Amino acid sequence: MALIQLQSSILKYNKHLQFPSFSSIPHQRSTILKISAVSPNAQQLIQSGKVRPILPKEAGTAMEGEGYILLDIRPEWEREKACVSGSLHVPLFLKDMDNSPITLLKKWVHFGYIGLWTGQNFTMINDEFVKQVEQKIPDKDNAKVLVACGEGLRSLMAISKLHEGEYRNLAWLAGGFNRAADRDFPAVEGTEKLQYATIGGVSYYFLQLLILLQAVGKES
C-alpha cells in the first residue's frame, strides 16, 4: 500500500511540473526541482527496506509505541496553519527573497501557473537543511526519524539528503499529511485541519465552498 502511494505521489508531482522552465538561465535558486532527480534514490531506499514507509493512520502508533520523532519539513507558512504537537520543524524549502530581474521574472511565471491557485511562495532549497536537522537530532545511528510533508513528495527529497548525511533510521510518511484523517495523530495545533494545510490561494476558497456544500447536504 505504501509503495503504491509512493508511485502515485511521484506521478502526481510530475504532472505539476508541466509549465515553462527557465533551466537554460544560469541561476541557482529554483522552485522547479524535478522529482526525477531524487526519486530513484528515494525509491531504492524504500524498496530495499533502508527507509520504512509509514501510512498516516500508522504514524501515531509509530511515534508513541516505537519512539519515532516526527520531522516536519514543510515551509513555515504551511506549518503555521496546522502541525502535529511535539513535532520538530526544519524546512526543506525557504521563501526566495532574491529580487534580481531574472528571479522576479521567475516569480511572475510561478505566480501565474502555481502561486495564484495554490498560495505557494516561490522557494529555494534550504542549503543548511541537514545541518539544522543535526542540531535538533544529533544521534544519527539510533534516533528514529519519521520525515513528513504535505503530500509526501518533498519528504522524499529530504529523506535522500538525510540518508546521504548518514541518518540510518529513517521513515517516510507515505502520502504526507494530506492523507491524514482527523484522529491519526495524538494532537494537532493550528487553525486548519492538518490535511488541508497545504492548500492555499484560489484552491483554498474552492475547498471552503466544497466543505460548506457537504455540510448543507448532510443537514438537508
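Which residues does Val145 touch, not counting residues up to four places away in sequence? I looked this up in a predicted model.

**Entry 1, Val145.** I located Val145 in strand S7, which spans residues 145–148. Beyond its sequence neighbours up to four places away, I found that Val145 touches Tyr68, Ile69, Leu71, Ile137, Asn169, Leu170 and Ala171.

I next turned to H3, residues 56–66, and noted Pro56, Ala59, Gly60, Ala62 and Met63 as its buried residues. These cover an arc of only 165 degrees around the axis, so they lie on the same side of H3. On the other side of the helix I found Lys57, Thr61, Glu64 and Gly65 exposed. The buried residues of H3 pack against S7 and against strands S1 (51–54), S2 (69–72), S3 (82–84) and S8 (170–173). Just after H3, I recorded a positive phi of about 80 degrees at Gly67.

Is Arg79 buried or exposed? I found its relative accessibility to be 15%, so Arg79 counts as buried. Arg79 belongs to helix H4, residues 76–79. With neighbours within four places in sequence set aside, I listed its contacts as Asp72, Arg74, Ser87, Leu88 and His89.

How values were computed. Residues are numbered from 1 along each chain as its sequence is written. This is a predicted model: local features need pLDDT of at least 70, side-chain atom pairs count only at pLDDT 80 or more; totals for chains, interfaces and linings use all residues. Side-chain values use heavy atoms; hydrogens and water are left out. Helices (H or I, at least four residues) and strands (E, at least two) are DSSP runs, numbered from the N terminus. Contact means heavy atoms within 4.5 Å. Buried means under 20% relative accessible area, exposed over 50%, partly exposed in between (1.4 Å probe, protein chains only). The arc is that of the directions from the helix axis to the C-beta atoms.
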